[in-house]
Amino acid sequence: MENETFNSVTLQLEGLKVIETSVYPVFLFFLFSYLFIMILNIAIIVLVWIDKSLHQPMYLLFCNLPVNDIFGNSTVLPRLLSDLLKPQSELIIGYYECVVQAFCTHMFGTTSHTVLMIMAFDRYVAICNPLRYSVIMTNRMVVKLTVSAWGSALVLVGILLGLTVRLSRCRTLITNPYCDNASLFKLSCENVVVNNIYGLTFTVVLLTASIGSIVLTYARITMVCLTSRNKSLNSKALKTCSTHLVVYLIMLFCGILIIVLHRFPQYSDQRKMSAILFHIIPCSLNPIIYGVQSRSYPLTLFISAKV
């Protein structure tokens, strides 16, 4: 009986607290958001695949974003849609399924940063070494950058979840609409100091590298714009950079908000909504901002102008 009480293989999800009259509007909002994200991201991948003129490092690296957006939302939203139509007592998930979902969720969040970092490297090379861009950004380099983005996220998240699954469990309630690492290790009655230290280190290293890459890249773009006499080019570059930064800052804000709100149980409803919007908002805007504007992406113009 004790083994059934502790280390239970069946967990209860807390789910979203939605009043009965709002269930279907909320359901339709999440459904259309999911369809919107899937259709746009798949369309961009197909476009880059079939249009040989887009088989360039910039676009190939960009394709990592829609792939990650599809992966991240397919992990969370279908299950969330199903759970919205169920009573609280039926929101049950198996422990191993929960671990897999938590792993995929953190892979999505981490890869969102690492992909932006390799895209920042591409922009940095294009601006600082435009004459050597084609020599540096070869197909081999694109593969290396892609593997490094996904591989580093895999290792970091693997260690994060590995430290959690080693813990015994004395609780069964996941205080979240979907599984994540923090919700999982809160099930344990053991000392989780190691988990907290690694989680904090992981977050600081990832955010420092991510923010540093973005700041460096756009600082260089700004410097080039200030020294360029092409007013039209400057306007397009600054417009594109500002919209990219808005998307990045939204993703960054949602991510940090989730981390902070995990420390304050009294704001659980706000944390749940922030966790879901972390998937929906950036993934809805990425195809529009990165995809629609890719044809007039300033770095291509920088390279052409300097060469």
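Q: Is Phe278 buried or exposed?
A: The model is predicted, so local features require pLDDT of at least 70 and side-chain atom pairs count only at pLDDT 80 or more, whereas totals for chains, interfaces and linings use all residues. Residues are numbered from 1 along each chain as its sequence is written, and side-chain values use heavy atoms, with hydrogens and water left out. A residue is called buried under 20% relative accessible area, exposed over 50% and partly exposed in between (1.4 Å probe, protein chains only). With a relative accessible area of 9%, Phe278 is therefore buried.

Q: How many aromatic pairs are there?
A: Rings of Phe, Tyr and Trp (its six-membered ring) pair if their centres lie within 6.5 Å; planes under 30 degrees apart count as stacked, over 60 as edge-to-face and the rest as tilted. By this rule, the count of aromatic pairs is four.

Q: Why is the pair of Tyr95 and Tyr96 assigned to its class, and which class is it?
A: The ring centres of Tyr95 and Tyr96 are 5.4 Å apart. Their planes stand at 70°, so the class of the pair is edge-to-face.

Q: How many residues apart are Phe108 and Phe278?
A: Phe108 and Phe278 form an edge-to-face aromatic pair, with 5.6 Å from centre to centre and 75° between the planes. Phe108 is buried, at a relative accessible area of 2%. The pair links distant parts of the chain, Phe108 in helix 5 and Phe278 in helix 11 (residues 268-292). Helices (H or I, at least four residues) and strands (E, at least two) are DSSP runs numbered from the N terminus, and the separation between Phe108 and Phe278 is 170 residues.

Q: Is helix 5 roughly parallel or antiparallel to helix 9?
A: Axes are lines fitted to C-alpha atoms, for helices over the stretch in contact, and angles run from 0 to 180 degrees between N-to-C directions. The axes of helix 5 (residues 95-128) and helix 9 (residues 193-227) come within 9 Å and cross at roughly 30°. Angles under 35 degrees count as roughly parallel, over 145 as roughly antiparallel, 65 to 115 as roughly perpendicular and the rest as oblique. The orientation of helix 5 to helix 9 is therefore roughly parallel.

Q: How many charged residues does the contact of helix 5 with helix 9 have?
A: Ala, Val, Leu, Ile, Met, Phe, Trp, Tyr, Cys and Pro count as nonpolar, Asp, Glu, Lys and Arg as charged, and the others, Gly among them, as polar. The contact of helix 5 with helix 9 has 15 nonpolar and six polar residues. The number of charged residues in this contact is two.

Q: Is the crossing of helix 5 and helix 7 left-handed or right-handed?
A: Helix 5 and helix 7 (residues 139-165) pack at an angle of about 145°, with their axes 8 Å apart. By class, their contact has 17 nonpolar, eight polar and no charged residues. A crossing is left-handed if the near helix is turned anticlockwise from the far one by less than a right angle, and right-handed if clockwise. The crossing of helix 5 and helix 7 is right-handed.

Q: Is helix 4 roughly parallel or antiparallel to helix 5?
A: Helix 4 (residues 64-84) and helix 5 have axes 9 Å apart and pack at an angle of about 155°. Their crossing is left-handed. That angle makes the orientation of helix 4 to helix 5 roughly antiparallel.

Q: How far apart in space are Phe202 and Leu160, C-alpha to C-alpha?
A: Phe202 is placed in helix 9 and counts as buried at 10% relative accessibility. Phe202 and Leu160 are 42 residues apart in sequence, and their C-alpha to C-alpha distance is 8.2 Å.

Q: What separates the C-alpha atoms of Ile93 and Ile174?
A: Ile93 is found in strand 2 (residues 92-94). Ile93 is buried, with a relative accessible area of 1%. Ile93 and Ile174 are 81 residues apart along the chain, and their C-alpha atoms are separated by 9.4 Å.
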